[in-house]
Amino acid sequence: MPPQITRLVYLTLAIVAVYFLARGFLVPASFGQYGWYRGNALKEIAALPIRYAGRAACAECHEEAAERLAKGSHQGLSCEACHGPGAAHAEDPAEAAPKPENSRFCLRCHEFNLSRPAKFPQVEADDHFPDQKCAECHAPHSPMQAPEDASKRNAKPVKK
Amino acid sequence: MPPELRESLLEALQHVQGYIYPNDVSLGWSVVIVVYPYITGLVAGAFILASLVRVFHVKALEPTYRLSLLTALAFLIVAPLPLLVHLGHPERCYEVMMTPHATSPMAIFGFVYAWYLMAVLLLELWFDYRRSFVEWAKASAGFKRLLYRVLTLGVEDVSPAAIQLDEKLGRFITVIGIPSAFLLHGYVGFIFGSVKANPWWGTVLMPIIFIFSAMVSGIALLMFLYLVISRLRRVPVDMGCLRAIGTFLLSALVLDAAVETLDWIHRLYEAEESLEVLVLLASGKLFFSFFLVQVLLGTIAPLAMLGATQVFKERISLRLQKSLYLVSSLLILIGVFAMRWNVVIGGQLFSKSLRGFTTYKIALVGQEGLLMAVVLMILPFLLLIGLVKFFDPWNTRETPPATT
Amino acid sequence: MFGFFARAAVGAWAVSVLRPVKAVAQKVAQSPVARSAREAIQKAFVTAQTPTGYDVHAHHWAMAIDVERCIGCGLCAEACKGENHVLKEPFYFRTWIERYIIRKPDPRSFELRGETLVDSPNGGIGGFPPSPVRKENILRTFFVPKLCNQCEHSPCIQACPVGATFDSPDGAVLIDKEYCIGCGFCVQACPYGCRFLNPVTKTAEKCTLCYHRITHGLRPACVEVCPTGARIFGDLKDGNEKNPVRVFIENNKVQVLKPHLGTEPRVYYAGLDKEVR
């Protein structure tokens, strides 16, 4: 074998050996556990913090509100759709409870918009008692009923 | 998030036309990624010019043989830098080699690159220069001597038989090198051509277009370098060599233009869902860089000039011919850059919703800014100067007569 | 002649010698000293994690969208940003809502439908402004929630050079942000515009189906807050007959987005219009 070739073959072998050795050291341990990726990534992603506790969690402590909600037209809504993320509060009730900010938030869902499905109940904000707060007439947890608070009982929403 | 980026994206948002997917406002790949296929293309083109001498025995090109190899090497060394610079986590780049995902064209890059650098270019240079290394080692002392000796890999046999073997093996490597050069750049085309999500990129012709444009740009670069270096070295230009390069350049350019035209005919004829947005793209956002720079300045004008040098060979003065070659090689270099720009940036200007366009405002500084791109473009030329100094392609170095 | 032999010999050498080299390299890498060194190195690259009592092979998650129910309130997109700490800037969304307004055709033409307007101001977070087209001129208008389609044949996974994005055994396409090199190829490869490069972490990001929630028995945040049930989520390996996705897919003709690309999305849409892409 001519020296040119043997030298090059040795060089190649050395490079290949270094490559495999480097692989042995640098490929993460869980790589390939489930597929061509780091198996531990699944656990890492699964361990990220949660901010929305879920309807069931709220219902555990707020039975009354949950029951009321389940009976009215807002039954499909999750508490946190209106209240916002509450995992911190659900973990520790001393944490400030999530509260809907103002009555604009009702309009987020109910403001009239042409693109909304026609059967969805919508109101023209400017025509539907613009001077009053929604909650004066609609109990948020059961919107077709007047709020329990007597002082707010100005009108009683009735189905047409 | 970085405030400058925020500002510039907010401004881009102001200039969005039509409807784009919200994540499509910012361009993931910037001007740095334009430089990447441009540089790899120059490598492949330069190498193919070199192989014309070695494999196809085009004697006229002899004066540029070594220069072509060194140019290919200089640009090849810089080729992965744009990618590296662009990575969000450059410190993790070793993963591409350690756990390459077999279905990803980008993962294969590491291996194609390593193959091309080590198995093709360096080997070819080694076989070509081994004898010189041995001679230079004898003629120098100290560190330099050590360096040259290491470069010989300890093979110091310069008997005619050994040199002949070098010659033979070198040719063999070049033969392997041609498909490898096609692979290197065809694969860069494949990075774009394989993106089916993007109708501007996702065509089977993309690798072929990239190969031809690579040849065009690489040959043009060598023509340019040859003219400039001859002037710098104050040696007369070998007109036969220049003409030969010119002929190859013209043929490559014709092929390139033909394939790209074919691509457009195909798109227009098939008229897929995406055609509307692509036509709007080419005639709107890319009008300047596509029609004016790539097509008119980068293709039609050099075609006419190179054609003229062929047709009126006898009737125009050498001086004029040289200027025509110089200007057309420059125009082609600019045109191919514009082509890379149109592919990389153009492909991200329209949204994959096929309903609208975003804008690209090139940043001046920063990891992916204009300055970085300019530096990356200058770097290979500096390297080339170093390589030319070191490898001495024109045998100007004094070597003592071989004493064996 | 000699050249041929040289080539053949090199080839044979390479094959016969490479295999033992690999074996030796592996043996070295497996030796106790090397193992402790490797563990030290890997610790520098990989973070520790807490195991959960969740069996990845016992689930297969799926999502469906009922376009006709979406009211475009934008709570889903907002909740997603909150739950997943997505950047608040209006260029980064893991999920968003599009509004389609298809005009009536010009009465003098023979066309069936007029021009289509699409918009998604801030991804729909905060709702949509009143329609720019008057009611009389609208043929049809609706909202379409968009999110990662968790494709069976994901172009993004195919494109990832290092295996930092992958299809988990339980049906979510996820990103390992500790391993992502931030090349952006997956962003280019996604036909649905569902990925982006986070400029802070410098890694790719996208919808995970709220993997941290679904593995803890919760629904994804967007599904949790959707008031109308436009987003339906469930486990295909859950034998329960009332499994919401199964029921939905049995009762509706479903479609996927950009089916011609062969990505086989696992997010199913009911009530799509041809203009949606």
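**What lines the largest cavity**

Sort the lining of the largest cavity by class and you get seven nonpolar, two polar and three charged residues. Keep in mind that this is a predicted model.

**Cavities**

- Searching the whole structure turns up six cavities of 30 Å³ or more.
- The largest cavity comes in at a volume of about 150 Å³.
- Its lining is made up of Trp200(B), Met206(B), Ile209(B), Glu260(B), Asp263(B), Trp264(B), Arg267(B), Phe290(B), Gln294(B), Met339(B), Asn342(B) and Val343(B).
- In chain B, the elements that each give two or more residues to this lining are helix 9 (205–233), helix 10 (239–270), helix 12 (287–311) and helix 13 (318–344).
- Helix 10 of chain B is the top contributor to the lining of the largest cavity, giving four residues.

**Nonpolar cores**

- As a general rule, nonpolar side chains in soluble globular proteins tend to be buried together.
- Here, the largest nonpolar core has 152 residues.
- Trp29(B), Leu61(B), Tyr116(B) and Phe192(B) are the residues with the most contacts inside that core.
- Take Tyr116(B): leaving out residues up to four places away in sequence, Tyr116(B) touches Val43(B), Phe47(B), Leu76(B), Leu121(B), Gly177(B), Ser180(B), Ala181(B) and Leu184(B).
- Another core, of 50 residues, lies apart from the largest one, and its members include Phe93(C), Phe143(C), Phe233(C) and Val267(C).

**Chain C as a whole**

- Chain C has eight helices and 11 strands.
- Of the 277 residues in chain C, 56% are buried.
- Look at the contacts in chain C with a separation of 6 or more, and 64% of them are between residues 24 or more positions apart.
- Chain C exposes about 12,200 Å², with carbon and sulfur atoms supplying 58% of that area.

**Cys160(C): buried or exposed?**

- Cys160(C) counts as buried because its relative accessible area is 8%, and the cut-off for buried is under 20%.
- You'll find Cys160(C) in the loop between helix 4 (155–159) and strand 5 (165–167) of chain C.
- Setting aside neighbours within four places in sequence, Cys160(C) is in contact with His101(B), Ser104(B) and Thr165(C).
- Cys160(C) and Glu241(C) are 81 residues apart in sequence, and their C-alpha atoms are 37 Å apart in space.

**Two residues with positive phi**

- Gln150(C) isn't a glycine, yet its phi is positive, near 45°.
- Gln150(C) sits in the loop between strand 4 (138–147) and helix 4 of chain C, and it is buried, at 2% relative accessibility.
- Lys202(C), also a residue other than glycine, has a positive phi near 60°.
- Lys202(C) belongs to the loop between strand 7 (196–197) and strand 8 (204–205) of chain C, and it is partly exposed, with a relative accessible area of 35%.

- Look for His59(C) in the loop between helix 2 (32–45) and strand 1 (61–66) of chain C.
- His59(C) and Gly234(C) are 175 residues apart in sequence but 9.4 Å apart in space, C-alpha to C-alpha.
- Not counting residues up to four places away in sequence, His59(C) touches Tyr54(C), Pro169(C), Asp170(C), Asp235(C) and Lys237(C).

Key. Residues numbered from 1 in each chain as written. Chains lettered and ligands numbered in written order. Predicted model: local features only at pLDDT ≥ 70, side-chain atom pairs only at ≥ 80, totals over all residues. Heavy atoms only, no water. 1 Å grid on protein atoms, 1.4 Å probe; cavity = no way out; pocket = protein on both sides within 12 Å on 5 of 7 lines; lining within 4 Å. Points joined across faces, edges and corners; volume = space filled by probe spheres on them. Nonpolar A, V, L, I, M, F, W, Y, C, P; charged D, E, K, R; others polar. Buried < 20%, exposed > 50% of the residue type's maximum accessible area, 1.4 Å probe, protein only. Contact = heavy atoms within 4.5 Å. Areas by Shrake-Rupley, 256 points an atom, 1.4 Å probe, with all protein chains shown as cover. Core = buried A, V, L, I, M, F, W, Y, C linked by side-chain atoms within 4.5 Å.
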